[in-house]
Amino acid sequence: GGGATQIGDDCLLMSHVHVGHDCNVGNRVVVASNAALAGHVQVGDGAQISGYACVHQRVCVGSGAFLAAASVLVADLIPFGLAVGNRATLETINMRGVRRQRAPQAEQRAMLRAFRYIFDLPRSDRYYAPLDLPRLRCLEERAMQVQMPQHPRVTELVNFILATSGRSSRRPLCKPRAGERYVLADSLGLPGT
């Protein structure tokens, strides 16, 4: 509809970037060289789209999300999510972006634990444990269980998944591959749980 594309303040669109019709690009977004956003794409504030990455039409990229170089995103990417690959999969939370926003360490841990719970990732001694909440079958049902009003980024993540804010499409979510490894708590420089 309408053909109007909106680009927010303080964005950096590098050389040979394509931003299609009816896109809505938030504030402080970086789109690196040769990346392409198809029509009706919505990109949240502070997101980063790396070089040669492509975003399929009508996909929503959450705020603070990071799409790796040469990736092809065909599903909605959660806020602060980090996705990689041709038919990108969700790897982890973009902790570098979260730290840039100066999120407190307690909120960083809460985000990692909520991420592991919502996407039903296995328990491990090497990673932050998922939240201790009922193990439900449906991703949306698990997201509804996460109530952390003291952590606004966790609330934003949950609202995006439940499509109550920040997400205009009803495309599927970009999800982790089954059996993949995830970022170690040690490598994040955070104290253990």
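**Sheets, core and helices of the predicted model**

Strands β3, β6, β9 and β12, in that order, form an open sheet of four strands with parallel pairing. Here helices (H or I, at least four residues) and strands (E, at least two) are DSSP runs, numbered from the N terminus, and two strands pair if DSSP finds at least two bridges between them. Strand β9 (residues 54-55) runs parallel to β12 and is joined to it by two bridges; Cys 54 has Val 72 of β12 as its bridge partner. The model is predicted: local features need pLDDT of at least 70, side-chain atom pairs count only at pLDDT 80 or more, and totals for chains, interfaces and linings use all residues. Residues are numbered from 1 along each chain as its sequence is written, and side-chain values use heavy atoms, with hydrogens and water left out.

Another open sheet consists of four strands in the order β1-β4-β7-β10, again with parallel pairing. Its edge strands are β1 (6-7) and β10 (60-61); each has a single partner strand, so one side of each is left without a neighbour in the sheet. Two bridges connect β10 to the parallel strand β7 (residues 42-43), and Gln 42 is placed opposite Cys 60 of β10.

An antiparallel arrangement is found between β13 (residues 81-84) and β14, which are joined by four bridges. The bridge partner of Val 84 in β14 is Thr 89. Together β13 and β14 form a hairpin with four residues between them, and Gly 85 in the turn has a positive phi of about 115°. Strand β14 (residues 89-93) is largely enclosed by the rest of the structure, because five of its five residues are buried. The term buried denotes under 20% relative accessible area, exposed over 50%, and partly exposed in between (1.4 Å probe, protein chains only).

The largest nonpolar core has 51 residues, of which Val 61, Ile 78 and Ile 118 touch the most other members. Such a core is a set of buried Ala, Val, Leu, Ile, Met, Phe, Trp, Tyr and Cys residues joined through side-chain atoms within 4.5 Å. Two or more residues of this core come from each of β10, β14, α1 (95-100), α2 (105-118), α3 (139-145) and α4 (152-161). The largest share, seven residues, is that of α2. With residues up to four places away in sequence not counted, Val 61 touches Gln 42, Val 43, Gly 44, Ala 47, Ile 49, Val 55, Leu 73 and Leu 77, where contact means heavy atoms within 4.5 Å.

In helix α4, the buried residues are Arg 153, Val 154, Leu 157, Val 158, Phe 160 and Ile 161. These residues cover an arc of only 160° around the axis, which puts them on the same side of α4; the arc is that of the directions from the helix axis to the C-beta atoms. The buried residues of α4 pack against β10, α1, α2 and α3. Arg 167 lies over the face of Phe 160, at 5.6 Å from the ring centre; a charge sits over a ring if NZ of Lys or CZ of Arg is within 6 Å of the ring centre and within 35 degrees of the ring normal. After α4 comes Ala 163, with a positive phi near 60°.

One aromatic pair is present in the structure. The ring centres of Phe 115 and Phe 119 are 5.4 Å apart and the planes are at 50°, so the pair is tilted. Rings of Phe, Tyr and Trp (its six-membered ring) pair if their centres lie within 6.5 Å; planes under 30 degrees apart count as stacked, over 60 as edge-to-face and the rest as tilted. Phe 115 and Phe 119 are both buried.

Several loop residues complete the description. Asp 22, in the loop between β3 (18-19) and β4 (24-25), has a positive phi near 60° although not a glycine, and is buried at a relative accessible area of 14%. Asp 120, in the loop between α2 and α3, has a positive phi of about 50° and is partly exposed at 31% relative accessibility. Met 14 belongs to the loop between β2 (12-13) and β3 and is partly exposed, with a relative accessible area of 35%. Apart from neighbours within four places in sequence, Met 14 is in contact with Val 30, Val 31, Ala 32 and Ser 33.
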